Amino acid sequence: MYKYDAIDQQIVNERVDQYRDQTNRYLAGELSEDEFRPLRLQNGLYIQRQAPMLRIAVPYGMLSSKQLRKLGEIAKKYDKAYGHFSTRQNLQLNWPKLEDVPEILAELATVEMHAIQTSGNCIRNITTDQFAGVAPDEVIDPRAMAEVMRQWSTFHPEFALLPRKFKIAVSGTEQDRAIVQAHDIGMEFYKDAKGQTAIKVWVGGGLGRTPILGTVIREHLDWQHALTYCEAIIRVYNIHGRRDNAYKARIKILVKALGIEEFKKQVEAEWLHLKDNPNTITEAELARVAKHFDAMPYENLSAHDASFDSAIASNPAFAAWVKRCVHAHKQAGYRAVTLSLKPHGHAPGDITSEQMAVVADLSDAYSFGELRASHEQNLILADVKLSDLLPLWEKARAAGLATPNIGLLTDIICCPGGDFCSLANAKSIPIAEAIQMQFDNLDYLHDIGDLELNISGCMNACGHHHIGHIGILGVDKDGSEWYQVTIGGKQGNDASIGSVIGPSFSAEEMPGVVQRLIEVYIQERTPEERFIDTVRRIGVPPFKAHVYASKEAANV
Amino acid sequence: MSNLIKDNAIVADEWTRVTPPSLGEETVRKQAGKVVLFKLTGEETFTKEQITATEIPVGKVLVPFTVWRANKDALASRVSQGEVGLLIATHEAIEDVIAEVKDINAFALVAVYVERFADGRIFTIGNLLRTRYGFKNELRAVGDVLRDQLFFLKRSGFNSYLIRADRSAVEALESLKDFSQPYQGAVDIEQPAWRRVSR
């Protein structure tokens, strides 16, 4: 993974000094709340219900074991000994003290980490596929470009105070796993007819209050122009985005208002001035960064391993875990492993300091000391030998990190919600926990099969509920918490926004509502259909009818 | 003491800022239940009546773009004597300003007024004035100008900053040095880090 050089280290060190000074001035009353807010937000610090929340950047989800160990130590020293992985592949601490944040940043800087631009109206953490570099369907490893873009976007002076937050995702696979269509800018890397790396550029996607999938603004962009083309897009947005209304300030609203043709015309006109400026990426710079993402020193292994095969045959629990949590790898004899942060009845994405230390040790022992965070809020060991899977599983299981539920109903994607977040209209974690307990039977869970369930505590959609096969949104009705349900959302190349099935439900009703949605699926599915396929084939009405029929029956 | 920073030093401000009189109450606009804090790009700044009622004193004057436009002929000789600075607001379309002024370098000073520091349009405007429209003279940030934005302003082409009256310009000077090696190319340092140094 990318290692800092003197320049990178100097920038994060200077940031620590800058933010320490800003915090001191705020505490001394020299900065007003309004003046300090954008400064702390651009350092990932929110003021929440009970304590501040600090969001630490994990660029494109990559972590070293050393970094994760440090995160565990920080969580123990400055917080309640746990952290929460977010849907932007970052780590959030829920209970740090505002006064401690400069010290936390100083500790992070010692392991090449920071909290720069993890919130605020600026370019946020650039996200990508958690299987980058190892996925068999990968065309281009997007991490070098993601790192080039990270550096370019860090303290970009022209885009320091945009109308609203700005999210970029990059992807280099046939099957999109980075939700490029749900980002302000999505960059899809591919090989063009001449065999050169090119980019399909999506713009104006985003979830939140007004969910919209992105539109292609450019089918073919030479990779050298990735930064200058982004500059053109963001410049048009910076000048013309709706600063008068925070709810309409995202780029998607501007793109919709102008229409993609007019927006593209303005961007292309701007780009004529910016194209070939010094931020144009050179072969040499890309090669310098790409060296950090060279393939791991893999052993030459056979595609099969006898000990692994016999363990699968003799150990059903291990086999169930392999089925759900172990993924194909481009190198023979290796697999990628997802460590589930979704044990039933716990807050999705949460991990204790002790578990962080365990995962760090596991990655040192079995996966070259590196790991990744996924936007589904799990951790991935990307390079594990087949013969190591059994001992890895045993240790992961002992630490509560081997729930065999990846991609299943209980692998719930969930924001911190009303328990922590001051933006939330409703709690989300207790809903996730209740649903997990409702579907605690593993055989039943596996029979239901692939299903993505996403929960957001408010329309800001941190839990990506619009693209969940089942999406749950917390809403406020006259001061009490209710939940609106959507079905038919999906991430990937054929992404879609879910449809609301009808009036919202109380918290107590939610496990039953999900249960009834599943009943319709079980009844209607063909042998090869996943939940989402059935929804797409038969539409919302049968699901709606069954859910509300039993609701009415209960009310009689 | 002056609160003006120019080229990394505190200097006296020789310019008188011309402000049109406010005639009557300004209406408070709301969107989605919240007071609108930022004007949209292209919105008018002053009414015709305000512009007509504006008095322009003698000496070096910093004149709002629309006031200058209404008094273009009368001010022409003062412009050529270097006594007129042009004040542009962040919501004024910079291409319209340029179309009207023809030669932006005729002005000894261009100032961009930012009503609220969080209005990042000022950075794009500074960048365009320097890189696209070739402005070579003093480029000043005025209004809600605070030290924590100075580094970005400098990198966007500004070389003078009138710090908000209730804040110390001496302390603000420190923030111009927040970062010593920026990553990306911008107006002040055009080359990105990887082109400047061997990494």
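Helices here are DSSP runs of H or I with at least four residues, and strands are runs of E with at least two, each numbered from the N terminus. With that in hand, welcome to this predicted model. One helix of chain A, α7(A), is followed by Gly259(A), whose phi is positive, near 85°.

**Helix α7 of chain A**
- Helix α7(A) covers residues 251-258, and its buried residues include Ile251(A), Lys252(A), Ile253(A), Leu254(A) and Val255(A).
- Among the elements that cover these buried residues are the strands β8 (197-203) and β9 (215-222) and the helices α6 (226-240) and α8 (260-274), all of chain A.

**Two helices side by side in chain A**
- Helix α1(A), residues 6-27, and helix α4(A), residues 101-109, have axes that come within 9 Å and cross at roughly 175°.
- The two helices are therefore roughly antiparallel to each other.
- On the α1(A) side, the contact is made by Val12(A), Asn13(A), Val16(A), Tyr19(A), Arg20(A) and Thr23(A).
- On the α4(A) side, Val101(A), Pro102(A), Leu105(A), Ala106(A) and Ala109(A) take part.
- Sorted by class, this contact has 8 nonpolar, 2 polar and 1 charged residues.

**Strand β6 of chain A**
- From strand β6(A), residues 168-171, Ile168(A) and Val170(A) point one way, while Ala169(A) and Ser171(A) point the other way, and all are buried.
- Strand β7(A), residues 185-191, runs parallel to β6(A) and is joined to it by 4 bridges.
- Ser171(A) has Glu188(A) of β7(A) as its bridge partner.

**A five-stranded sheet in chain A**
- An open sheet of chain A is formed by 5 strands in the order β15-β16-β17-β18-β19, with mixed pairing.
- β15 (413-414) and β19 (499-500) of chain A each have a single partner strand, so one side of each is left without a neighbour in the sheet.
- Ile487(A) has Ser499(A) of β19(A) as its bridge partner.
- Helix α14(A), residues 429-438, packs on the sheet and touches β15, β16 (453-456), β17 (470-477) and β18 of chain A.
- The direction of α14(A) makes about 155° with that of β16(A).

- Where does β8(B), residues 109-114, sit? It is largely enclosed by the rest of the structure, because 6 of its 6 residues are buried.
- Strand β7(B), residues 84-89, runs parallel to β8(B) and is joined to it by 5 bridges, with Ile88(B) opposite Val112(B).
- From β7(B) the chain passes through helix α4(B), residues 94-101, to β8(B) in a right-handed β-α-β crossover.
- Strand β9(B), residues 138-143, also runs parallel to β8(B), joined by 6 bridges, and Tyr113(B) stands opposite Val142(B).
- Another right-handed β-α-β unit is made by β8(B), α5(B) and β9(B).

**Where the chains meet**
- The contact between the chains takes 35 residues from chain B and 35 residues from chain A.
- On the chain B side, α5 (121-131), α6 (150-155) and α8 (193-196) are the elements that give two or more residues.
- Helix α5(B) gives the most to this side, with 4 residues.
- By class, the chain B side has 15 nonpolar, 11 polar and 9 charged residues.

Methods: Residues are numbered from 1 along each chain as its sequence is written. Chains are lettered from A and ligands numbered from 1 in the order in which they are written. This is a predicted model: local features need pLDDT of at least 70, side-chain atom pairs count only at pLDDT 80 or more; totals for chains, interfaces and linings use all residues. Axes are lines fitted to C-alpha atoms, for helices over the stretch in contact, and angles run from 0 to 180 degrees between N-to-C directions. Angles under 35 degrees count as roughly parallel, over 145 as roughly antiparallel, 65 to 115 as roughly perpendicular and the rest as oblique. Two residues are in contact if their C-beta atoms, placed from the backbone, lie within 7 Å. Ala, Val, Leu, Ile, Met, Phe, Trp, Tyr, Cys and Pro count as nonpolar, Asp, Glu, Lys and Arg as charged, and the others, Gly among them, as polar. A residue is buried if 20 or more other C-beta atoms lie within 10 Å of its own, exposed if 12 or fewer, and partly exposed in between; C-beta atoms are placed from the backbone. Two strands pair if DSSP finds at least two bridges between them. A crossover is right-handed if, with the strands pointing away from the viewer, the path from the first strand over the helix to the second runs clockwise.
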